[in-house]
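Take a look at the model below. Then follow the text through it, step by step.

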There are 2 protein chains.
Amino acid sequence: MAAGIIAGIKKQAKKDLAVVLSDVPAHAACVFTTNVVKAACILFNQSVLANNAPVRGLVINSGNANACTGEAGVVHTRMMAEAFAQSLGVQANEVLVASTGVIGVPMPIEIVVEGIKSAAKLIGESEACGHEAAEAIMTTDCFAKEFSLEVEIGGKVVTIGGMAKGSGMIHPNMATMLGFVTTDVNISPVLLKEALQESNGRTYNMISVDGDTSTNNMVTILANGQAGNPRIDKHGADYELFTEALESVNRYLAKAIARDGEGATKLLEVFVQGAASEEDGQKLARSVVASSLVKAAFFGQDANWGRVLCALGYAGVKFDPTKVSIEFISQAGGISLMNKGEPIAFDEGLALTVLKEKEIKVVVSMAEGDAQATAWGCDLSYDYVRINGSYRS
Amino acid sequence: MAAGIIAGIKKQAKKDLAVVLSDVPAHAACVFTTNVVKAACILFNQSVLANNAPVRGLVINSGNANACTGEAGVVHTRMMAEAFAQSLGVQANEVLVASTGVIGVPMPIEIVVEGIKSAAKLIGESEACGHEAAEAIMTTDCFAKEFSLEVEIGGKVVTIGGMAKGSGMIHPNMATMLGFVTTDVNISPVLLKEALQESNGRTYNMISVDGDTSTNNMVTILANGQAGNPRIDKHGADYELFTEALESVNRYLAKAIARDGEGATKLLEVFVQGAASEEDGQKLARSVVASSLVKAAFFGQDANWGRVLCALGYAGVKFDPTKVSIEFISQAGGISLMNKGEPIAFDEGLALTVLKEKEIKVVVSMAEGDAQATAWGCDLSYDYVRINGSYRS
């Protein structure tokens, strides 16, 4: 159950505080930013999870990242957890805290604490409380990102629901944004963590908006076991079903973040096949999707495929350029641009037709092996510059 | 001696072909792109230099990179070297070839070969031939980049002159653009190579415009010994004098490339002091100067220093964020933004005054050791997106 409210942290009257409560203690797993500079809430959550104790809820504010805020930031994070815990009769070390927004500005902590108390009273009150929470974690996002599905495991219906936010400072490196997934599946903490890490590597870690790995990134999953399925405590059919469903949820949210990248007009999907290993494929796909030049070319609907090959070339993967083939595909059709290292003359009119669409797939065939990987990103537009030239204002 | 002409490779009537000739055979040293995808000319030059044989000249065209052009590209590069060699009575394997421009489009080789023959006849004819050559290697550059100085070594006046071009697909990784330096110093080939690599690491390798490492990057130096100084064949005072002078030339050209980055309105200089090692300092400085979010904030004259700390955090260097201090300095003054991990309240009016200037210095103090490093870059503007949305057109 959740709530999302206007606490007054943002300058505009927009939702900026979300809370999530599990009826019963839930197993929790997280992946955190790999940035050396970690926001106060990241350090707090790492200590909460250090003892593998169950978690009761999440507090998330947008409008202020509480990062680079020195000692005050540490105190403020703890005050947030305590305010939520006291309102609901749980312990502060059963609460995870996430913050997103501007870096380096002290939290307006009185407003935040009051907001948490108000939000705690509203949990589950509204039918749309999940959607309201998804709205309350947005920063420069243009739309709320939420997805849920049901899957039958061990004869029981298991629900997995998630919400996430983008949409700048997004670059694949463990967790690269905020993502919150809740499920009623009954699963061991060890396998829950493994499932999250595995799916994170193929979803959130495979998106990039601008190459900047945030100080506040985290993806969290809470599993409270209320579905009543036989506890998943080993690899097998039930675990596979769960991880497949979890990956679907996370893939949907990750793609939504890429699609809603700051200033984006197009979703880019880079599919690398024939890589020597999945790791190679991931590096190659991520390098292409993160290239400013590739992104600017797609914004301009310019079939500048040489930049794709160039970005493959500096991905840190060895390969033979004379074996590479490249195609651009959208719902309007497809064009082949390079075949086994040789450029292909192509029709510029057809290329423009293909590239005018809102979703473009770049298919790269390496002919080095059998592995494949997909990365998602967006184009680089004037609006990205506008948004980030005045973010604090 | 040099020449720069309009051969007709570019769509517009702009200079697009440069040739450089050394009166006598010169020792040559090069650093090349680390991109796995290397343009045909890079592979050709590597073979020319493989035997440490002397070099007589350079042929450089702009308007077409001859990269990702398959087998035809290999043939075309050799035809360029042969055309130059035949015109001047030297051997094709004494000629280095560089190309820059659009990737993946076949060279208009007849036009290029005719241009080389014409240019060869004009070498040294014009008093401004060096400047004309510097103009002829430009692509999206707004101004020609050239610099020369004289230094007395062993009682003789040694001249070092260089030209370079930017201004997109620029990211530090060995050589990240085209740079050509000629000198009459008398030096052993081994020390010439060492001097180039050392200064490259502190100059061209420390700039970034857009994070993309090109397929065609190279920096070349030719030294023909005509200054008559006692041959530099060991480390010592003469070698130090030469490397210091060479670094000045390369630093000037590297900064010019950063200042003229595609769409740039500001030169950014990131100075990291107190790093644990020079390598750490370089990684930290490069990470800040390459961050799209840092660059967009400076374009918007927004003192969003949290993004600087964030970019330090994902540089791949371990450090203690609570020891970091950050200042922004320009000729209009300076502002302290973070002191030993604690944010400092600052005057927004003063910040704007500082950030309105065309050259901004970001000073980062790590308090981890005694090493320092400097990187140069530029802001990210609407014009970067405009230029790269339609580069091929």
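This is a predicted model: local features need pLDDT of at least 70, side-chain atom pairs count only at pLDDT 80 or more; totals for chains, interfaces and linings use all residues.

Start with the two chains. Two copies of a chain are related by a rotation about an axis and a shift along it. Here, chain A can be laid on chain B by a turn of 180° and a shift of 0.0 Å along the axis, with an RMSD of 0.0 Å. That is why the relation is one of a two-fold axis. Which C-alpha of chain A is nearest the axis? It belongs to A:Tyr382, and lies 2.6 Å from the axis. Both copies use the same surface: 100% of the contact residues of chain A recur in chain B.

Now turn to that surface. In all, 54 residues of chain A are in contact with 54 residues of chain B. Four elements of chain A, α8 (292-299), α9 (306-313), β13 (342-343) and α11 (382-389), each supply at least two residues to the side that touches chain B. α9(A) gives the most, with seven residues. By type, the residues on this side of chain A are 25 nonpolar, 22 polar and seven charged.

Next comes the sheet. Chain A has an open sheet of seven strands with mixed pairing, in the order β8-β15-β10-β14-β11-β12-β13. Its edge strands are β8 (207-208) and β13 of chain A, and each pairs on one side only. β8(A) runs parallel to β15(A) (residues 371-378), and two bridges join them. A:Ser208 has A:Gly377 as its bridge partner in β15(A).

Finally, return to α9(A). This helix packs on the sheet, where it touches β11 (325-330), β12 (333-339) and β14 (359-365) of chain A. The direction of α9(A) makes about 55° with that of β14(A).

Terms used
Residues are numbered from 1 along each chain as its sequence is written. Chains are lettered from A and ligands numbered from 1 in the order in which they are written. Copies are superposed by least squares on the C-alpha atoms of residues with pLDDT of at least 70 in both. Two residues are in contact if their C-beta atoms, placed from the backbone, lie within 7 Å. Ala, Val, Leu, Ile, Met, Phe, Trp, Tyr, Cys and Pro count as nonpolar, Asp, Glu, Lys and Arg as charged, and the others, Gly among them, as polar. Two strands pair if DSSP finds at least two bridges between them. Axes are lines fitted to C-alpha atoms, for helices over the stretch in contact, and angles run from 0 to 180 degrees between N-to-C directions.
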